[in-house]
Amino acid sequence: MRAAVQPLVVNVGVIGPGKVGAAFLRQMQQAAPRLLRECHLELRLRAVSDSRHMWLDCDDEALNGRVGGAQTWRPVVLDEFAAYVAGHHGSAAVLADCTASDSVADHYAGWLGAGIHVVTPNKRAASGCLDRWKAIARASDASGARLHYEGTVGAGLPVVQTLRDLIDTGDELLAVEGMLSGTLAWLFNRFDGSRPFSALVREAHALGYTEPDPRDDLSGMDVARKLVILAREAGVGLSLGDVAVESLVPRELEGLGRDDFMEALPAMDAPMAALLARARAEGGVLRHVARLDNAGASVGVQVLDGGHAFAHGQLTDNVVRFATRRYCDNALVVQGPGAGPEVTAAAVFTDLLRVAGAMGVKRCAC
Ligand SMILES: NC(=O)c1ccc[n+]([C@@H]2O[C@H](COP(=O)([O-])OP(=O)(O)OC[C@H]3O[C@@H](n4cnc5c(N)ncnc54)[C@H](O)[C@@H]3O)[C@@H](O)[C@H]2O)c1
Ligand SMILES: N[C@@H](CCO)C(=O)O
């Protein structure tokens with residue numbers, strides 16, 4: 001009789017149980033039995049943290065019941081959280097950062113240095129300060145722990161890994177052009193003048209397409225971050241300040257708190273109606289386009305001819321066209337839904353499975 005295969009145990013901590021984080025928790029719970037049965041991978045959820053509280057699985061439910069839940073949620077101390085997830089001998093630890101927080105990204109180098117893997121759709125580390133990004137890379141090199149961030153560009157689409165594979169196999173990136181915002185794609189696909197632009201923004205927010213602060217999408221900064229991530233992946237040390245960004249956010253709304261901004265959204269209706277009228281007068285459509293090439297990086301709204309390839313996307317479709325030395329006559333194109341909690345959570349989950357795969361977990365049908 002063959003001995004039963006011992007499962008690989010991976011301890012998981014989730015930071016940010018918001019729209020993406022909650023979808024990730026659901027997906028993990030649903031897939032866990034099959035992964036254990038067929039891939040001998042045991043995923044153990046050890047801890048969850050939001051911006052104020054954290055839950056650790058050592059907290060005693062019966063005791064919590066007696067003391068009114070006082071133990072269930074502890075004040076959040078992220079390094080204690082990480083140490084708890086990593087403190088189970090003989091198994092690996094992975095933290096899923098599902099926040100949009102710079103202060104969480106500040107911890108990555110320390111966690112990676114301590115051998116804790118990180119998977120994330122949060123763009124702050126990969127597009128933020130270059131010194132921090134280099135420190136993260138050094139920490140990962142030193143310990144062998146990995147940071148994966150496929151969900152940062154194109155949500156669940158294979159964009160980062162596709163570029164990584166091109167570069168690792170000796171190709172050279174010449175240019176990237178595309179529509180990299182699911183929110184702006186959805187807004188411009190829907191914006192026909194029949195409803196105010198502000199109502200559509202509220203709907204996109206409710207559907208979970210926007211950033212926690214929709215100004216990140218409307219200002220073009222979210223797309224600028226994605227361009228920076230792709231440039232760095234291709235070996236170009238680009239920073240956010242190098243990207244020419246045209247914002248749609250009226251200046252008077254820039255300094256407001258997030259809730260006040262949502263209240264003040266109708267201030268965008270008249271300028272956006274004027275933009276739509278201009279596009280129609282020119283016989284074109286509005287699209288949000290990003291470009292990176294030798295001449296620089298830029299992000300903004302353009303009026304495109306109705307026959308343009310970017311004019312035909314649907315819903316939140318992203319389009320990413322990689323022109324490379326190999327793909328120079330005809331660009332390599334990745335296209336499909338580019339926002340939404342479920343598809344983004346799937347990218348985080350895939351990154352987690354990539355970590356497990358590198359530790360020997362079987363991920364094929366052979
Ligand atoms: N929604 C999408 O379609 C999508 C697609 C790709 C990438 N992303 C990225 O996924 C991330 C999450 O997006 P979301 O839509 O789920 O946002 P969300 O606002 O619904 O959730 C964010 C969560 O992070 C928590 N949080 C914030 N600061 C924290 C801190 N310092 N410590 C611990 N927790 C903290 C909040 O409490 C909340 O639970 C963002 O980085 C976003 O850019 C989202
Ligand atoms: N808010 C982002 C989510 C995906 O990064 C978008 O709309 O593209």
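The entries below go from conventions and confidence to the sheets and then the ligands.

**Conventions and confidence**

I am working with a predicted model, where local features need pLDDT of at least 70, side-chain atom pairs count only at pLDDT 80 or more, and totals for chains, interfaces and linings use all residues. Residues are numbered from 1 along each chain as its sequence is written, while chains are lettered from A and ligands numbered from 1 in the order in which they are written.

I checked pLDDT (the predictor's confidence in each residue, from 0 to 100) before anything else. The chain has a mean pLDDT of 94, with 95% of its residues at 70 or more. I also noted an ipTM of 0.99 and a pTM of 0.96. A reminder to myself: where pLDDT is low, predicted coordinates should not be read in detail.

For the elements I use DSSP runs, numbered from the N terminus: helices are H or I with at least four residues, strands are E with at least two. Two strands pair if DSSP finds at least two bridges between them.

I found an open sheet of 7 strands in the order 4-3-2-1-5-6-7, with mixed pairing. Strand 4 (74–75) and strand 7 (147–148) are its edge strands, and each pairs on one side only.

I then looked at how strand 1 (residues 8–15) meets strand 5 (residues 92–97): they run parallel and are joined by 6 bridges. N11 has A93 of strand 5 as its bridge partner. Helix 1 (residues 19–39) packs on this sheet and touches strand 1, strand 2 (41–49) and strand 5. Contact here means that two C-beta atoms, placed from the backbone, lie within 7 Å. The direction of helix 1 makes about 160° with that of strand 2; axes are lines fitted to C-alpha atoms, for helices over the stretch in contact, and angles run from 0 to 180 degrees between N-to-C directions.

Next I followed the chain out to strand 4. Strand 2 and strand 3 form a hairpin with 3 residues between them. They run antiparallel, joined by 3 bridges, and S49 stands opposite M54 in strand 3. M54 also has R74 of strand 4 as a bridge partner, in an antiparallel pairing of strand 3 and strand 4 over 2 bridges.

F322 makes a handy landmark. On one side, F322 is the bridge partner of V176, within the antiparallel pairing of strand 8 and strand 12 over 6 bridges. F322 also stands opposite L332 in strand 13. Strand 12 (residues 317–324) and strand 13 run antiparallel with 6 bridges, and D317 is paired with P337 there.

**Ligands and records**

I count a residue as near a molecule if its C-beta atom, placed from the backbone, lies within 6 Å of it. Of the 29 residues around ligand 1, G16, G18, V20, A100 and P212 come nearest. Helix 1, helix 4 (102–105) and helix 16 (341–358) each give two or more residues to this shell, and helix 1 gives the most, with 3.

Around ligand 2 I listed residues including S181, T183, E211, D217 and D222. That shell divides into 3 nonpolar, 5 polar and 3 charged residues. Ala, Val, Leu, Ile, Met, Phe, Trp, Tyr, Cys and Pro count as nonpolar, Asp, Glu, Lys and Arg as charged, and the others, Gly among them, as polar.

Last, I opened UniProt, whose positions are given in the numbering used here, with feature names shortened and annotations that may be inferred rather than shown by experiment. Its unreviewed entry places a "binding site" at T99 and K123. These are spread over 25 residues of sequence, yet cluster in space, with a largest C-alpha distance of 9.4 Å. T99 lies in the loop between strand 5 and helix 4.
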